[in-house]
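Morning, everyone. Please have a look at the model first.

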Amino acid sequence: MPVISVRNPGTGEPLGEVVEHDSGQVDAIVARAAGEGRQAMAALAAHEREGLLRRVADLIESELEDLARLLAAENGKPIQQTRGEVQAAVRIFRGYAGEATRLFGRQIPLDAVPGLERHLAVTVREPLGVVAALVPFNYPVELYAHKAAAALAAGNPVVVQPPLRCPLAVLRVAELVQLAGAPKHAHQVVLGGAALSQALAAHPGIAAVSLTGSTAAGREIARLGAATLKKVCLELGGNDALIVCADADPEQAARAVVLGRLARGNGQICCAVKRVYVQSLIHDAFVDALLTQTAKLVVGDQLLEPTDVGPLIAEPAAERVAAAVRTLVGDGARLVAGGGRNGAFVEPAVLVDVPADSPAFAEEIFGPVAPVARFDDVDEAVAMANASPYGLQAAVFTRDIGRAFDIARRLDVGGVVVNGSTALRAENLPFGGTKDTGGYREGIHDTALDLTRQKTIIVMDAFR
């Protein structure tokens, strides 16, 4: 079985080793989840599931600093941001604890149908079965929490696949789930790459797969899951547009790009600002503000408190970002700040005069790069934003609330932020997008229900 060395992406320092699971081990893990794990979770009352998730949240919170440092070391995000990620996981587990007690059924009035007036119909919510949680590298602890906590809240066993490049923090949280008293085989972890994800998607013992990842990966998971008609929940790529209208505050809009792209997750966020469209009348003032703020960013060791931008997840990822910058320049854009690469580090880049029809502009660049294009008419900006194959989130800056709502209604995306960054995700909001982003919505009020099935029970002649 292959042994994977987990390293600090900035320094190369070894942090630990993990062993990939083979197909036989995966089959055994799924079988245990579908058997003893499923029975044990089905036996837990809603208040017992609530208590389990609250204990998990308390244990994560008790180790918040250690988990944040471990996550920063293996992932590359600055320590202040990984603290926020672990805090989000605590909130998510507590949020799903509440949802465990709110999986409501319905009473459906059969007297709406002639001849059925004396009968009673109700629906109840039941667990789906084994849930496979496929977790990405960019926000592994937070996105693990969304998937695993939702599965457990709904009464399902869960099989978690952490990202191979940075699995250690998720593995520690998995240990805390066991310490909190999770039933045997109700929460298990498997380690491996794309082949393992595909095996889980195709496995007949898996009832649902939840993936946050690339569109290419999502298509393959959906194709494999279709063979057994399992539920597939996909939150995929994004190329999020920010539209800055002429009446906007250029400083505020520039800050949204810096904090929502260049200095958040090292630019490795599906909902980060990836395309900036600025109306010509305000373009130069916006670019000046963006360059001034970008120049203040601190690039360096992710474990140091002043650091704003750390290393990307791996050197090949950084090279892909640097190559995308070179392609944009080749297409006619001007690089006015950053763009250099040193190992896994990429200096935050700002490009202007980006051709709106550049193929590189249409693709998701997963790193600290802010490409800026001009527009004259708002309709033009909306059309350019909608031209992307992705539809996760978008943002619009304007002082005119009527214009803001008009643009928001016309944008073909899952969420629109007015006068803020696209890089906004609150756990109680439905999060997801349209088109190649996958169409699913993940959030504590939605996902727990999505991981249940409805059963209708009809009582004949219940009323006299």
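What volume does the second largest pocket have? About 390 Å³. Bear in mind that this is a predicted model. The lining of that second largest pocket is made up of 19 residues, and the closest to the centre are Tyr 139, Glu 142, Arg 264, Ala 423 and Arg 425. Two helices, α4 (79–99) and α5 (140–153), each supply at least two residues of this lining. The most comes from α4, which gives 6 residues. Sorted by class, the lining has 9 nonpolar, 4 polar and 6 charged residues.

Next, the largest pocket. Its volume is about 1200 Å³. Here 40 residues form the lining, with Pro 136, Phe 137, Gly 213, Ser 214 and Ala 217 closest to the centre. The elements giving two or more residues to it are α7 (194–202), β8 (208–212), α8 (215–226) and α11 (315–330). In the lining of the largest pocket, 23 residues are nonpolar, 11 are polar and 6 are charged.

The largest cavity has a volume of about 50 Å³. Its lining consists of 13 residues, and nearest the centre lie Asn 239, Ala 241, Arg 275, Gln 393 and Val 413. Two or more residues each come from β10 (240–244), α13 (378–386), β17 (390–391) and β18 (393–397). By class, this cavity lining divides into 7 nonpolar, 4 polar and 2 charged residues.

That's all from me.

Technical notes: Residues numbered from 1 in each chain as written. Predicted model: local features only at pLDDT ≥ 70, side-chain atom pairs only at ≥ 80, totals over all residues. Heavy atoms only, no water. 1 Å grid on protein atoms, 1.4 Å probe; cavity = no way out; pocket = protein on both sides within 12 Å on 5 of 7 lines; lining within 4 Å. Points joined across faces, edges and corners; volume = space filled by probe spheres on them. Helix = DSSP H or I, 4+ residues; strand = E, 2+ residues; numbered from the N terminus. Nonpolar A, V, L, I, M, F, W, Y, C, P; charged D, E, K, R; others polar.
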